[in-house]
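Open the model in your viewer and keep the selection tool ready. This tour goes stop by stop, with something to select at each one.

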Amino acid sequence: MSPTRTRVSRLALRPTIGIDIGGTKVAAGVVDPEGTIIERTRRETPSKSKSPRVVEDTIADVVAELGARHNVLAVGIGAAGFVDGTQSSVLFAPHLAWRNEPLRDAVQRRIGLPVVVDNDANAALWAECRFGAAQGESHVVCVNLGTGIGGGVVLDGVLHRGRFGVAGEFGHMVVVPGGHRCECGNRGCWEQYASGNVLVREARELVLNGSPVAYRIAETCEGDPSRITGPMVSALAAQGDPAALELLEEIGHWLGVGLANLAAAFDPGLFVIGGGVSDVGDLLLEPARTTFRRTLSGRGFRPEANVVRAALGNDAGLIGAADLARRERARRRRDRAKLVTTRLLLPRRRELNGNGTPIRRSSRRVGGTGTAIEPASRRANGTWRRSAS
């Protein structure tokens, strides 16, 4: 094996660091080429009232901790927010003080390693396609149900980020014109009907109104609706509580409505449902599948995409970010190698003047510095001579 190939093979075996930045935590891990997390660490996300520099300090800290024990190749960051088309800047992050923040370059200067930045939902989708529930499927739409709704799209095996890098913000599709007010400023957005926030909002409303069907929820929160959380309602649903089951069924219904809209737009072969709300599994997905089939355009005359739960859970974001960093580093190396090879193999071109005869360069000075370019003409014996000036 050639030294160059050996060197490339060794690089390919080196791990990368993936970082998943959310509103409450910074999760980081060292990931090998097979998507296995070798070591992980976690920090609390600094308050959004603090400067972007504080978050960058946290990122640099976790990279220093993990990099001290592993010879890493690059770093991938999955950020909860809008990431521009160059995968370098966070245009807007709702839970952090990032507005047009040049995150890639800022972190790269701090850690001295190549850095790739992408939306956290894109990173999670990529992980599911490479190592999780979507392996072998070329057309995939991922929907992450958390506080809101995010997602991503893979078509023909390519992750599509959109012209400006902000594709996949499915939560802000309007499904009920004039409906509930959304934090984005519009009304009737999908995430106002099928997200973790909705589960909590509806449960609190039942308890506040003294609904008798919500007595188990009221007992669990000890009569204080502010103590109700999504995991609390999900746990009650898993225990068979009718009110909690009804709430999840309603969220599943609206999830199915949105999936049917996305199927009309992208025609995927598979929907992968991730995020914390998906932890309840079929309690959510079965009503979603039912509504999806009932709402799908052209139903009965077209193939239907499967709807499955994500396989990698909360690790998907950091695994995907690490793998995207690995692929980007490999692409840059290939591009550099291709450029060098092209330059070496390109034939040297003979320069021609206006009438098609070759141009001969002379070292004769013309009025100062520089090299004179003079036309040449062919002698009868086939050699070239400089034309008279």
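## Stop 1

Select strand β6, residues 90-93, together with β7: the two run antiparallel and are joined by 3 bridges. Keep in mind that this is a predicted model. Now pick out one facing pair. Ala93 stands opposite Trp98 in β7.

You now have an open sheet of 3 strands, ordered β5-β6-β7, and its pairing is antiparallel. Which strands are at the edges? They are β5 (82-83) and β7 (98-101), and each of them pairs on one side only.

## Stop 2: the five-stranded sheet

Move on to another open sheet. Its 5 strands follow the order β3-β2-β1-β4-β8, and the pairing is mixed. Color the edge strands, β3 (37-44) and β8 (115-119); each pairs on one side only. Look along the sheet for its twist, which averages 15° from one strand to the next.

Zoom in on strand β4, residues 75-79. Is the pairing of β4 with β8 parallel or antiparallel? It is parallel, over 5 bridges. For a facing pair here, select Gly76, which stands opposite Val116 in β8.

## Stop 3: helices on the sheet

Show helix α2, residues 52-67. Helix α2 packs on the five-stranded sheet. Which strands does α2 touch? Select β1 (16-21), β2 (25-31), β3 and β4 to see them. The direction of α2 makes about 150° with that of β3.

Then show helix α3, residues 103-111. Helix α3 lies across β4 and β8. Against β8, α3 runs at about 145°.

## Stop 4: the cavity

How many cavities of 30 Å³ or more does the structure hold? There is 1. The largest cavity has a volume of about 30 Å³.

Select its lining: Gly81, Phe82, Val83, Asn119, Asn122, Gly165, Val166, Ala167 and Glu169. Color these residues by type, and they divide into 4 nonpolar, 4 polar and 1 charged.

Finish by coloring the domains. The lining draws at least three residues from each of domain 1 (14-132 + 311-337) and domain 2 (136-310).

Technical notes:
Residues numbered from 1 in each chain as written. Predicted model: local features only at pLDDT ≥ 70, side-chain atom pairs only at ≥ 80, totals over all residues. Heavy atoms only, no water. 1 Å grid on protein atoms, 1.4 Å probe; cavity = no way out; pocket = protein on both sides within 12 Å on 5 of 7 lines; lining within 4 Å. Points joined across faces, edges and corners; volume = space filled by probe spheres on them. Nonpolar A, V, L, I, M, F, W, Y, C, P; charged D, E, K, R; others polar. Domains from an automatic or database assignment. Pairing = 2+ DSSP bridges. Helix = DSSP H or I, 4+ residues; strand = E, 2+ residues; numbered from the N terminus. Axes fitted to C-alpha atoms, helices over the stretch in contact; angles between N-to-C directions. Contact = heavy atoms within 4.5 Å.
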